[in-house]
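Q: Please take a close look at the aromatic cluster in this structure. Which residues form it, and which contacts involve its members and the charged side chains?

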Amino acid sequence: TDSFNFPGTSYQAGPSLLRTDPAVEGFLRTEISFTSGVPVQNPASPGKRFIEHFLFADSNFFSFFSFQLKEGHPGTVLERPFTVVISERMAKKYFGNADPVGHLLKYDSAYTFEITGVAENSPSNSSIGYDFVASLSSALSMKGGSDMLKESGISIGSFVTRLLLKKGAGPAGP
């Protein structure tokens, strides 16, 4: 059996493996190098701007993992471009006690994201930390995002691709 160990995979790695490996039931991509931190602000409070880190993820992020949503539905919160789920910590930081769902955040003074959900703060024992989980389809529409689509096959790229294997399947196949 061949094995590969990449720090990041191409955009097409997950779909390719789903099509070609019968042991793969599903996949989830998160973008690992889209940005190191950008200014984010609530347009209703233009004087307050913070440098934040967005995690761009496939729309199945909250159904793939067991991270809990306080508001929103796991299967739909990230299905549209320019949508974002924020942590409880960020909801408080940007909106105080007001409900943030349906409100907007300005990303890097160039893009507007609609808040479609609020997640519990990421667990301290998780290797996946997040305060903002944005739809991956957004990243593809942003400056430089179309370059990700040029990555082909199962190769090195800018994504962490996690696989869901069918019951009874192991890393070496069924």
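A: **The aromatic cluster**

In this predicted model, nine residues are named in one aromatic cluster: Phe50, Phe54, Phe56, Phe82, Tyr94, Tyr107, Tyr111, Phe113 and Phe132.

Start with Phe50. Lys93 lies over the face of its ring, 4.2 Å from the ring centre. Lys93 is partly exposed, at 36% relative accessibility.

Now the ring pairs. The structure holds 21 of them. One is Phe61 with Tyr130, an edge-to-face pair with 6.2 Å between centres and 85° between planes. Phe61 sits in helix 2, and Tyr130 in the loop between strand 8 and strand 9 (132-135), so this contact joins parts that are 69 residues apart in sequence. Phe61 is buried, at 0% relative accessible area. Tyr130 is buried too, at 5%.

Phe82 and Tyr111 give another geometry. Their ring centres are 5.9 Å apart and their planes meet at 15°, so the pair is stacked. The angle is under the 30 degrees that stacking requires. Phe82 comes from the loop between strand 5 and strand 6, whereas Tyr111 comes from strand 8, so the pair ties together parts that are 29 residues apart in sequence. Phe82 is partly exposed, with 22% relative accessibility. Both Phe82 and Tyr111 belong to the cluster.

Glu114 pairs with Arg80, the closest N and O atoms being 3.0 Å apart. Glu114 is in strand 8 (residues 111-119), while Arg80 is in the loop between strand 5 (69-71) and strand 6 (83-87), so the pair connects parts that are 34 residues apart in sequence. Both ends are partly exposed: Glu114 has 25% relative accessibility, and Arg80 has 41%.

Arg29 lies over the face of Tyr11, at 4.0 Å from the ring centre. Its side chain also forms a salt bridge with Asp58, at 3.0 Å from N to O. Arg29 is in strand 1 (residues 24-31), and Asp58 is in the loop between strand 4 (54-57) and helix 2 (61-64); the pair links distant parts of the chain, 29 residues apart. Arg29 and Asp58 are both buried. A search of the whole structure finds four salt bridges, among them Asp58–Arg29.

How confident is the prediction? The protein chain averages a pLDDT of 88, and 87% of the residues score at least 70. Confidence is highest in strand 6, at a mean of 98. It is lowest in helix 5 (residues 146-150), where the mean is 67.

Notes
Residues are numbered from 1 along each chain as its sequence is written. This is a predicted model: local features need pLDDT of at least 70, side-chain atom pairs count only at pLDDT 80 or more; totals for chains, interfaces and linings use all residues. Side-chain values use heavy atoms; hydrogens and water are left out. Helices (H or I, at least four residues) and strands (E, at least two) are DSSP runs, numbered from the N terminus. Buried means under 20% relative accessible area, exposed over 50%, partly exposed in between (1.4 Å probe, protein chains only). Rings of Phe, Tyr and Trp (its six-membered ring) pair if their centres lie within 6.5 Å; planes under 30 degrees apart count as stacked, over 60 as edge-to-face and the rest as tilted. A charge sits over a ring if NZ of Lys or CZ of Arg is within 6 Å of the ring centre and within 35 degrees of the ring normal. pLDDT is the predictor's confidence in each residue, from 0 to 100.
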